[in-house]
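Please look over the sequence and the model below, then read on.

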Amino acid sequence: MAHRQIAISYILATIVFVFLARSFSVAQTDRPTTLMVGQECPDIFLHNLTTFDDDSVSIRRFRGKWLLLEFWDPSCLPCIRSFPKLDSLQREFSDSLTIVLVGHNEQASRNLISKFKARYNLTLAAAFDNKLFRMFGISSVPLVAIIDDRGVVRSLKFPEELNSNTLSAMIKGDATLLSTPEFDPIAASFDIMKPLLIAGNGGPDTTFLQRSVLMKWNPSIPARAFSHVSASMYGNHVQQCGRAIEWLYYFAYKDTIYSYPSTEHDGILDNYGEYWMQPIIKVADPDKFKLTPGTAEGFYCYSLVVPKEKATTRYIQRAVQTDLFNYFGYVGEVATRKMPCWYLKVSSDARKTLTTKGGEQVYEDNGYAGFTFVNVPVKEIIVRLWGVEQLGPPFIDATGITGNIDISIDTDLSNFDGFRKALKEKGIELVPGKKKMKVITIRDP
C-alpha cells in the first residue's frame, strides 16, 4: 500500500509499458545475475510451464529454434491485448521459433492465462517464474526477450515491434532489426524516492539537459512517477520519469490529490470525475506532441528539488509549471467545461437484486478475466472500468445504491464493449452523459 502511494504507474494510450512494483522473494545465495544482450543464456530453467510435457524445462531445450519470452503482468492491458497477436505469430512461425508468456508465479496470473487460453483457444506456452524477471532485468512490461537459435540473448523489444515481416527478417539474419534501446541493470538500483541523477541514481549526472533536471528518457530508467504534487507526501521534490510533454503538463496543473478512482482498500482521497482525464492540446504545431509507440523518442524525465524551507505543495506546483514553460514554451490553463462521461444507472428491480445480502466481504479478482465481489461498494466496478478506459470519459455512480453490492462477472474485461454488455446483463447500464469538470489545456503563449 505504501509503495503504491509513492510510485504510481499509468497505462496510457501512448505508453505501452507498466512498471512492475514487485517484491521478489529470492534468497541471497540464489539471486541470479542480470543477463545482458549478446550474452549466451546459462542453463536456466523455465518453471511452472503449461503446454509442455514437463513442469520445468531447460532453456537449452529450445536450441535450434528462436525463443521469444514475453514478460507480462495481469495489471497490464497492452500485455493482455498482445496475446492473440503473439499466438498468431506462434502458429505462423511454429517451425522456427517458440513464444513463451512469462508471468509472475502468482494465482492471479495463472487464473488469467487459464481463462484466456480457453476463451480464445490460445496455443502459447506459459511459464510462471519470478526469477526470470530478475535474470533479464525486467522492470517494465510488456517486454520481449529474443534469444536466437544458438541460445544468445539478441534483443529486448516491445511486442508491438514484432510482426510477420520483422520476425522473418530477424530469423534470416537482419541484425538491424535486433537493435535494442539502452536497457541495462541500472533499473534495478533506481530509487524513485531519491533525486534523479544524484549519486548515480538512474545514471551519471552528466546526462541532464537542465537543472532542475530535465533529460530525455532512457528505457533503462523505469517509467515511474509521482501521482501528484504533494509536499506532505513527497517532501521537497517531485519526479516524473518516462513521460511525454502533455503528461508533464497534466501533472503540473491538475489537482494536488489523486485523480484516479481509489478502492475501499486504499483509503485514499481522490477526485476522480472532477478533472477530465487527459489534457487538451491546442497549439499551432501539434506534430511536436506526436509519439512513435515502442520508442523512447518524445519522452522525458523531470526532477525538481526545492529548499526544504520553501517546500509547500503550492510552491512546488508553481515551480514545476514555470520549469515546463521555460523549457517547452507552452502555457497550461485550467477551465471548467461540460465534458462527456458515463453514468452507471440501474432500474429499481436491479437495485434490489444488486444490493448486498450481507456477510463477509469477498474480493475474488481475476484481473481482466473477471471478478466476483460480495458486499463491496459500487466504486469497485468503477475502478475496473477505469482500468480499461483510463483516458476516456470518466465513470460516474448514478445507481442510487447507498450501500454495498454483490456482483459476479465472467468475461473478457480487456474489451470495453464486452465489459459494458456484461454489466448490462447484471442490471447496470452505462449511459452517456455530460458533467462539469475541470479541463487542462495546453496552448501556445
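The model is a predicted one. Is Ser262 buried or exposed? Its relative accessible area is 2%, so Ser262 counts as buried, the cut-off for that class being under 20%. Leaving out residues up to four places away in sequence, Ser262 touches Ile268, Asp270, Lys379 and Val383. Between Ser262 and Glu380 there are 8.4 Å from C-alpha to C-alpha, while in sequence the two are 118 residues apart.

**The chain as a whole**

The protein has 445 residues, and 53% of them are buried. Its secondary structure consists of 11 helices and 19 strands. The accessible surface comes to about 19,600 Å². Carbon and sulfur atoms account for 50% of that surface. Contacts between residues at least 6 apart in sequence can be sorted by how far along the chain they reach: 73% of them join residues at least 24 apart.

The table gives the geometry of each.

| Helix pair | Angle | Distance between axes |
|---|---|---|
| α7 (residues 245-253) and α8 (residues 313-328) | about 150° | 8 Å |
| α10 (residues 379-388) and α11 (residues 416-425) | about 160° | 10 Å |

How are α7 and α8 oriented to each other? An angle over 145 degrees counts as roughly antiparallel, and α7 and α8 are therefore placed in that class, roughly antiparallel to each other. Their crossing is left-handed. On the α7 side, the residues that meet α8 are Ile245, Leu248, Tyr249, Phe251, Ala252 and Tyr253. The α8 side supplies Gln317, Val320, Gln321, Leu324, Phe325 and Phe328. Sorted by class, this contact of α7 with α8 holds 10 nonpolar residues, 2 polar residues and no charged ones.

The pair α10 and α11 is described next. With their angle of about 160°, α10 and α11 are therefore roughly antiparallel to each other. The crossing of α10 and α11 is left-handed. From α10, the contact takes in Ile381, Arg384, Leu385 and Val388. From α11 it takes in Phe416, Phe419 and Leu423. Which classes do these residues fall into? The contact of α10 with α11 has 6 nonpolar residues, no polar residues and 1 charged residue.

Arg61 sits in the loop between β3 (residues 57-58) and β4 (residues 66-71). Arg61 is partly exposed, because its relative accessible area is 44%. Apart from residues up to four places away in sequence, Arg61 touches Phe52, Asp53 and Asp54. The C-alpha atom of Arg61 is separated by 9.7 Å from that of Gly151, and the two residues lie 90 residues apart along the chain.

Asn105 belongs to the loop between β5 (residues 97-103) and α3 (residues 107-120). With a relative accessible area of 39%, Asn105 is partly exposed. Which residues is Asn105 in contact with, leaving aside its neighbours within four places in sequence? They are Asn48, Arg110, Phe128, Asp129 and Asn130. For one of these, Asp129, the C-alpha separation from Asn105 is 5.2 Å, at a distance of 24 residues along the chain.

**Two residues with positive phi**

Ala199 is not a glycine, yet its phi is positive, at about 55°. Where does Ala199 lie? Its place is the loop between α5 (residues 164-171) and β10 (residues 213-216). Ala199 has 84% relative accessibility and so counts as exposed, the class for values over 50%.

Asn375 is another residue other than glycine with a positive phi, here near 60°. Asn375 is located in strand β16 (residues 371-376). Its relative accessibility is 15%, so Asn375 counts as buried.

Technical notes
Residues numbered from 1 in each chain as written. Predicted model: local features only at pLDDT ≥ 70, side-chain atom pairs only at ≥ 80, totals over all residues. Heavy atoms only, no water. Axes fitted to C-alpha atoms, helices over the stretch in contact; angles between N-to-C directions. Helix = DSSP H or I, 4+ residues; strand = E, 2+ residues; numbered from the N terminus. Parallel < 35°, antiparallel > 145°, perpendicular 65-115°, else oblique. Left-handed = near helix turned anticlockwise from the far one by under 90°. Contact = heavy atoms within 4.5 Å. Nonpolar A, V, L, I, M, F, W, Y, C, P; charged D, E, K, R; others polar. Buried < 20%, exposed > 50% of the residue type's maximum accessible area, 1.4 Å probe, protein only. Areas by Shrake-Rupley, 256 points an atom, 1.4 Å probe, with all protein chains shown as cover.
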